Amino acid sequence: MKKILLIALFVSSLFAHKLNLFVFEEDGKVIASTYFASGTFCNECKIEVYDKDNKLLEKGLTNKDGDYIVKNVESKLLIKAEAMGGHGAQSEFEVKNLATHKEEVHNYNLVEAAVGIILIFLIFLGLKRFQK
């Protein structure tokens, strides 16, 4: 009985630092959420995002809540997470509304560029009035 109890304690301690990776879509974004078996978030875990051809699309770190927002969304993604100490997890994810993601990124870039051009124009207009 003691041996079984010792083995059970040993096995449970092995999973104490198990890294879990959960990928989901929310509000038009693909989010990779990481946490340890204890429930604590994996802060600044290394994230790598690959496409279906296993080409690296992007890499970065999770935030303080263990989340990472994927910027380069493809139809099928392979997301790998790695914490300090070699703990890692990976998940394959299929994006359901890929057209929505691409349109939002494209429209956001156009709006951002238009606002930037208007701000630059207003700054030069203001500088020109002060010189007179």
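Mentor: Leu122 lies in helix α2, which spans residues 98-131; helices here are DSSP runs of H or I with at least four residues and strands are runs of E with at least two, both numbered from the N terminus. The model is predicted, so local features need pLDDT of at least 70 and side-chain atom pairs count only at pLDDT 80 or more, whereas totals for chains, interfaces and linings use all residues. Residues are numbered from 1 along each chain as its sequence is written, and side-chain values use heavy atoms, with hydrogens and water left out.

Leu122 counts as partly exposed because its relative accessibility is 48%; buried means under 20% relative accessible area, exposed over 50%, and partly exposed in between, with a 1.4 Å probe and protein chains only. Together with Val111, Val115, Ile118, Leu119, Phe121 and Leu125, Leu122 forms a nonpolar surface patch with about 660 Å² of accessible area. Such patches take residues with over 30% relative accessible area and no salt bridge, joining like charges within 9 Å and nonpolar side chains (Val, Leu, Ile, Met, Phe, Trp, Tyr) within 5 Å. A salt bridge is a side-chain nitrogen of Lys or Arg within 4 Å of a carboxyl oxygen of Asp or Glu. Accessible areas follow the Shrake-Rupley method with a 1.4 Å probe, and for residues only the protein chains shown count as cover.

In the chain as a whole there are 2 helices and 7 strands, arranged along the sequence as α-β-β-β-β-β-β-β-α.

Leaving out residues up to four places away in sequence, Leu19 touches Thr34, Tyr35, Phe36 and Ala89, among others; contact means heavy atoms within 4.5 Å.

Two polar residues in the strands are also buried. Ser33 belongs to strand β2 (residues 29-36) and counts as buried because its relative accessibility is 12%. Its side chain makes a polar contact of 3.0 Å with the side chain of Asp67. A polar contact is a pair of N or O atoms within 3.5 Å; within protein, one must be able to donate a hydrogen and the other to accept it, and residues adjacent in sequence count only if both atoms are side-chain atoms. Glu48, in strand β3, counts as buried because its relative accessibility is 16%, and its side chain makes a polar contact with that of Lys46 at 3.5 Å.

Glu44, in the loop between β2 and β3, has a positive phi near 60° and is exposed, with a relative accessible area of 54%. Asn54, in the loop between β3 and β4 (56-61), has a positive phi of about 65°. Most residues other than glycine have a negative phi.
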